[in-house]
Amino acid sequence: MTRLIFLGPPGSGKGTQAAQLANNEQIPHISTGELLRKAVEDKTSLGLKVQSYLDEGELVPDKVVEDLVKERLSKSDASSGWILDGFPRNVVQAEFLDKLLEEVGQWTDWAIAMEVPDDVIVDRLRERGRSDDSEETIRHRLEVYREKTAPLIDFYRGRGQLKSVNGNQPIADVAAALKQAIGS
Ligand code: AMP
């Protein structure tokens, strides 16, 4: 049983690693960013509501993502494990997750902090070219990460639930380091 939270700035490679590991472990990879981008693409009412936040690199309101995560975690395929990528993004969401998991008798095994220096991140994001990867939005998303999401590193470290992984190495080496960190 694997239940992991991936923390890390945009461009840290957490999405790539989370997808790969989830695939290996045959558990769902739950990326709130992907779910939100899909809603925007499909022009659902949720998509229309969140588009401006994504375009500006702002966090969408907590309630919106909390509802998404609650619904996704209640699906049967999530009963045997999951990887959360991009959620929680702040302390309020982390506390929501704690409560939600407690209600269903689950827990988080580890929070994984993907560590990559800022200059490497900016270069990677420039190359990626996603629609919310413009120079200005990149800078803003990094600020939002530092201000709101980075405090979660201490939040999980304080509970002995944090594993740090050096994300500034070739993808296969990051995967190996990750595997070692979680002991799988
Ligand atoms: P990501 O793909 O994780 O980088 O997320 C892309 C965008 O989706 C972010 O810049 C936010 O606008 C939004 N987003 C994703 N996850 C969350 C979350 N947990 N809380 C609030 N906004 C989120």
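## Residues around the ligand

By class, the shell around the ligand is made of seven nonpolar, four polar and five charged residues. This is a predicted model. In total, 16 residues surround the ligand. The closest of them are Thr 32, Arg 37, Glu 58, Gly 86 and Arg 89.

Helix α2 gives the largest share of the shell, four residues. The space that the ligand takes is the largest pocket. Two elements, α2 (32-41) and α3 (45-56), each give two or more residues to the shell around the ligand.

## Polar atoms at the ligand

For Glu 58 the backbone is involved, with an N or O atom 2.6 Å from an oxygen atom of the ligand. Gly 86 also uses its backbone, where an N or O atom lies 2.9 Å from a nitrogen atom of the ligand. The ligand taken alone exposes 480 Å², and the protein buries 97% of that area.

Gln 161 sits in the loop between α8 (151-157) and β5 (162-166). Is Gln 161 buried or exposed? Its relative accessibility is 14%, so Gln 161 counts as buried, the limit for that class being under 20%.

The side chain of Gln 161 has two polar partners to look at. One is the backbone oxygen of Thr 108, which the side chain of Gln 161 reaches at 2.7 Å. The other is the side chain of Arg 159, with which the side chain of Gln 161 makes a polar contact at 3.0 Å.

## Backbone features in loops

The peptide bond that runs from Phe 87 to Pro 88 is cis, and its omega is near 0°. Pro 88 belongs to the loop between β3 (81-85) and α5 (91-103).

Positive phi values are found at Gln 26 and Lys 43, and neither residue is glycine. At Gln 26, phi is near 60°. Gln 26 is in the loop between α1 (14-25) and β2 (29-31). Gln 26 counts as exposed because its relative accessibility is 65%, where exposed means over 50%. At Lys 43, phi is near 55°.

## Ala 181 in helix α9

Where is Ala 181 placed? Ala 181 is part of helix α9, which covers residues 171-182. Ala 181 has a relative accessible area of 19% and is therefore buried, since the class takes values under 20%.

In sequence, Ala 181 and Trp 110 are 71 residues apart. In space, the C-alpha atoms of Ala 181 and Trp 110 are 9.4 Å apart.

Key: Residues numbered from 1 in each chain as written. Predicted model: local features only at pLDDT ≥ 70, side-chain atom pairs only at ≥ 80, totals over all residues. Heavy atoms only, no water. Near = heavy atom within 4 Å. Polar contact = N/O pair within 3.5 Å; in protein donor to acceptor, adjacent residues only side chain to side chain. Areas by Shrake-Rupley, 256 points an atom, 1.4 Å probe, with all protein chains shown as cover. 1 Å grid on protein atoms, 1.4 Å probe; cavity = no way out; pocket = protein on both sides within 12 Å on 5 of 7 lines; lining within 4 Å. Sits in = over half its atoms within 2 Å of the grid points. Nonpolar A, V, L, I, M, F, W, Y, C, P; charged D, E, K, R; others polar. Buried < 20%, exposed > 50% of the residue type's maximum accessible area, 1.4 Å probe, protein only.
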